[in-house]
Amino acid sequence: DDQIERERVSQRLAGGCCALAAIYLMGKFYVANAGDSRAIIIRNGEIIPMSREFTPETERQRLQFLAFLKPELLGKEFTHLEFPRRIQPKELGKKMLYRDQNMNGWAYKKIEEDDLKFPLIYGEGKKARVMATIGVTRGLGDHDLKVFSSNIHIKPFLSCFPEVRVYDLTQYEHCPDDVLVLGTDGLWDVTNDKEVAGVVMEVLTSYEPNDPCRYTMVAQELVVRSRGVLKERGWRLANDKLGSGDDISVFVIPLGGPGNYT
């Protein structure tokens, strides 16, 4: 992240990205995630999550706590409190459900003038945004990102520190159909873990266990299926729902060696 900050000046590069990395070291896989990509292990048909997405919803309390400690980061235009919906001026003095950085559940408070400000986190699911600007709360770069038509910087709320999960390969006997799948959000936006596991099993069984291209073909099939087919109404999946509109990158990494097995 520091290197990207230096290069934005020396090479005049702006923007940012997420990062998902898998490192094999002394019998263990270390999977580090900063962003909204995802990694899963499929072992004997079982799905083992190896990451979680970092979004305004999943990191709500961290973001609210920072805004609570440093209210100047909100530029007097936002409130760190969360409400079920936008507060209207006519609701001043009334009671409304809210939650702050210390709360998992909701409580009631009397609406005050400050509560009319735009919320730090607004929207749900893929539409959730930090200060109406960005939907990913961990990643690299975005040092110059600001709230639209303002001088409020978003970077203080973004973390470049990944969450790391460890998988010990020596604890299990893996077959050639056991894999680690790494994918960007373009895959997971339209395909869930169970569906991905189904494609993995479907494609792998159509190739010999010692065929080295079988894993590449799984990755290719996952990309193709989540992109869909171009029709008159845009890219469509097999169920006629919209295909992924985001970038789709997939790695499928075998955990077991080649050979005959039952």
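Strand β4 (residues 38–43) pairs with β14 in the antiparallel sense over five bridges, where pairing requires at least two bridges found by DSSP between two strands and strands are DSSP runs of E of at least two residues, numbered from the N terminus. Within this pairing, Arg38 has Gly183 of β14 as its bridge partner. β14 also pairs with strand β17 (residues 250–254), again antiparallel and over five bridges, and here Leu182 is partnered by Phe251 of β17. The model is predicted, with local features needing pLDDT of at least 70 and side-chain atom pairs pLDDT 80 or more, while totals for chains, interfaces and linings use all residues. Residues are numbered from 1 along each chain as its sequence is written, and side-chain values use heavy atoms, without hydrogens and water.

Five of the five residues of β14 are buried, so the strand is largely enclosed by the rest of the structure; buried means under 20% relative accessible area (1.4 Å probe, protein chains only). Val179, Val181 and Gly183 point one way from β14, and Leu180 and Leu182 the other way. In a regular strand the side chains alternate between the two faces of the sheet.

β14 (179–183) is also among the elements that each supply at least two residues of the lining of the largest pocket, as is α3 (185–188). Domain 1 (17–52 + 162–254) and domain 2 (59–141) both contribute to this lining, so the pocket lies between them; the domain bounds come from an automatic or database assignment. The lining comprises 11 nonpolar, 10 polar and 12 charged residues, with Ala, Val, Leu, Ile, Met, Phe, Trp, Tyr, Cys and Pro counted as nonpolar, Asp, Glu, Lys and Arg as charged, and the others, Gly among them, as polar.

How values were computed. Helices (H or I, at least four residues) and strands (E, at least two) are DSSP runs, numbered from the N terminus. Buried means under 20% relative accessible area, exposed over 50%, partly exposed in between (1.4 Å probe, protein chains only).
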